Amino acid sequence: MGAPFEKTMTVVNEFLIPMSQFMRENPMPPFEEYSPLYAASTQNMVDHYVDIEAAMRDETRKVAMFEFGLVPQLFYAFDCAPLCLEFYPGFFAGLTQDVVYEFIESAEEAGVPSDTCSTDRFIIGAALNGELPTNSFFVTSSAPCDGTRIAYPILHKILDCPMLFLDAPFRHDIEAIRYYARQLRDQLIPFLEKATGKKFDIDKFRESVVESNKAYEAMLEIHDAFMLKPAPHPGMLRLVPYTNFIQEAGNPRMTKAVELLRDDVKQRVKEGRTAGPFEEKFRVQWVHVPPTYDRELFGWMEENFGAMVVSQSLPASAVLEPIDTSTLDTMLQGVAWQGLDMTMSLMRLDSERFVGDMLRSYDLYDCDCMFVTQHVGCNSVCGSRGLVKKMCREHDIPVLFIEFDYNDDRVLSKDQMRTQIGQFFETVMV
Ligand code: SF4
């Protein structure tokens with residue numbers, strides 16, 4: 001067993017820091033124009049993990065481990081360093097699959113079924129192997145899925161830190177939001193006061209929400225620009241503002257990183273040069289999780305088939321209003337909407353709604369085909385396959401279902417996945 005966060009910081013020091021420097025100094029064709037943006041986004045990730053490591057050693061701060069269903073503005077109001085565990089396996093997966101295998105196997109050896117979501121197996125394995133940060137607490141909700149509901153009681157037994165479990169509503173209306181926001185007020189705030197030893201300060205919270213609103217509006221501008229043909233950025237960059245937002249909403253450094261992308265998009269649109277290095281022939285809607293172990297996949301699709309991922313189900317779901325900062329309750333309701341509707345917590349809702357959202361976003365971004373991933377253990381998405389097929393048949397949408405594990409390349413390797421995608425473009429999309 002290694003020291004807490006040791007493997008994480010090894011990845012930061014041995015992969016991310018050199019990568020960011022290399023991208024800055026050696027822009028790589030054919031995406032050299034975007035190199036400064038990739039470098040800045042990688043640097044933002046470096047700073048994110050460095051800050052978590054610093055908080056582990058700082059008696060005046062805490063690391064806030066949290067899951068989808070929450071966004072981090074409240075954690076910043078208490079000077080915490082947030083770590084969204086849902087993104088944690090993906091952080092390793094694209095750079096070193098060995099760590100993914102190691103943690104997944106530890107969880108399975110401890111009895112977690114191999115058909116549970118790999119995100120949950122990974123987190124349990126990381127906890128068992130002592131990788132999760134110390135000087136921390138853990139907050140989560142009952143959404144989104146069976147996998148998380150299996151994982152959380154196990155984590156409850158393993159983790160030796162303060163924990164809070166919130167109840168995510170199944171309904172999707174203002175009453176459900178009020179119900180969840182009340183838990184943020186009556187349970188999460190007192191929990192954070194106790195865990196951090198600090199009094200809640202509404203002005204600090206408002207500051208963090210105002211900051212997150214700036215990033216949110218920049219993110220929406222980027223999303224709208226992807227309706228243009230050709231799209232203004234490579235598909236891979238489409239995901240960055242969203243992943244940044246969920247992990248660090250309220251952090252000024254993250255706002256700057258998203259604004260940098262927004263400014264570049266705006267400039268390209270203004271100058272009428274949204275085209276990338278390859279002609280955009282097909283616009284792809286990617287439904288559910290992309291492979292975290294193949295970060296070059298979208299670029300490969302662009303180069304080989306002119307296929308641009310312009311819509312991806314989670315980032316495309318960010319269609320809320322910025323948070324109303326007038327009172328504590330309006331701010332908590334805004335945070336509740338974001339936590340529940342911008343993350344996989346959407347999966348708590350019925351499949352009909354999921355399929356309807358898929359179709360709306362397909363039309364909005366004027367897509368030509370749909371890729372739907374069937375991730376191991378993701379019962380809600382895999383279970384709605386029949387409904388998705390029916391919808392695609394009725395609307396004449398070419399669709400490819402990809403059965404894989406989005407963190408673990410042993411289920412479907414990069415090459416096997418690319419073969420399937422290649423065959424789809426060469427046979428269905430001709
Ligand atoms: S990918 Fe599916 S199974 Fe895994 S956490 Fe998300 S909703 Fe749950």
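This is a predicted model: local features need pLDDT of at least 70, side-chain atom pairs count only at pLDDT 80 or more; totals for chains, interfaces and linings use all residues.
**View A. Open sheet with the order β2-β1-β3-β4.** This sheet comprises 4 strands, and the pairing between them is parallel. Its edge strands are β2 (81–84) and β4 (163–166), each of which pairs on one side only. From one strand to the next, the twist averages 20 degrees. Helix α2 (residues 35–56) packs on the sheet, where it touches β1 (63–66) and β2. The direction of α2 makes about 120 degrees with that of β2.

**View B. Pairing of strands β3 and β4.** Strand β3 (residues 136–141) runs parallel to β4 and is joined to it by 4 bridges. Within this view, Thr-140 has Phe-165 of β4 standing opposite.

**View C. Open sheet with the order β6-β5-β7-β8.** Here, too, the sheet is built from 4 strands with parallel pairing. The edge positions are taken by β6 (307–312) and β8 (399–404); each has a single partner strand, so one side of each is left without a neighbour in the sheet. On average, and with direction ignored, neighbouring strands are turned by 30 degrees against each other. Strand β7 (residues 369–375) pairs with β8 in the parallel sense over 6 bridges. Thr-373 stands opposite Ile-402, a residue of β8.

**View E. Crossing of helices α8 and α13.** The axes of α8 (residues 174–196) and α13 (residues 328–341) come within 8 Å and cross at roughly 110 degrees. The two helices are therefore roughly perpendicular to each other, and α8 passes α13 in a right-handed crossing. From α8, the contact involves Ile-177, Arg-178, Tyr-180, Ala-181, Leu-184 and Arg-185. Their counterparts in α13 include Leu-328, Asp-329, Leu-332, Trp-337 and Leu-340. The residues of this contact divide into 10 nonpolar, 1 polar and 3 charged.

**View F. Residues around the ligand.** Among the residues around the ligand are the cysteines Cys-117, Cys-145 and Cys-378. Others include Thr-119, Pro-144, Thr-148, Val-289, Met-344, Met-347 and His-375. The shell divides into 7 nonpolar and 5 polar residues, with no charged residue.

Conventions: Residues are numbered from 1 along each chain as its sequence is written. Two strands pair if DSSP finds at least two bridges between them. Axes are lines fitted to C-alpha atoms, for helices over the stretch in contact, and angles run from 0 to 180 degrees between N-to-C directions. Two residues are in contact if their C-beta atoms, placed from the backbone, lie within 7 Å. Angles under 35 degrees count as roughly parallel, over 145 as roughly antiparallel, 65 to 115 as roughly perpendicular and the rest as oblique. A crossing is left-handed if the near helix is turned anticlockwise from the far one by less than a right angle, and right-handed if clockwise. Ala, Val, Leu, Ile, Met, Phe, Trp, Tyr, Cys and Pro count as nonpolar, Asp, Glu, Lys and Arg as charged, and the others, Gly among them, as polar. A residue is near a molecule or strand if its C-beta atom, placed from the backbone, lies within 6 Å of it.
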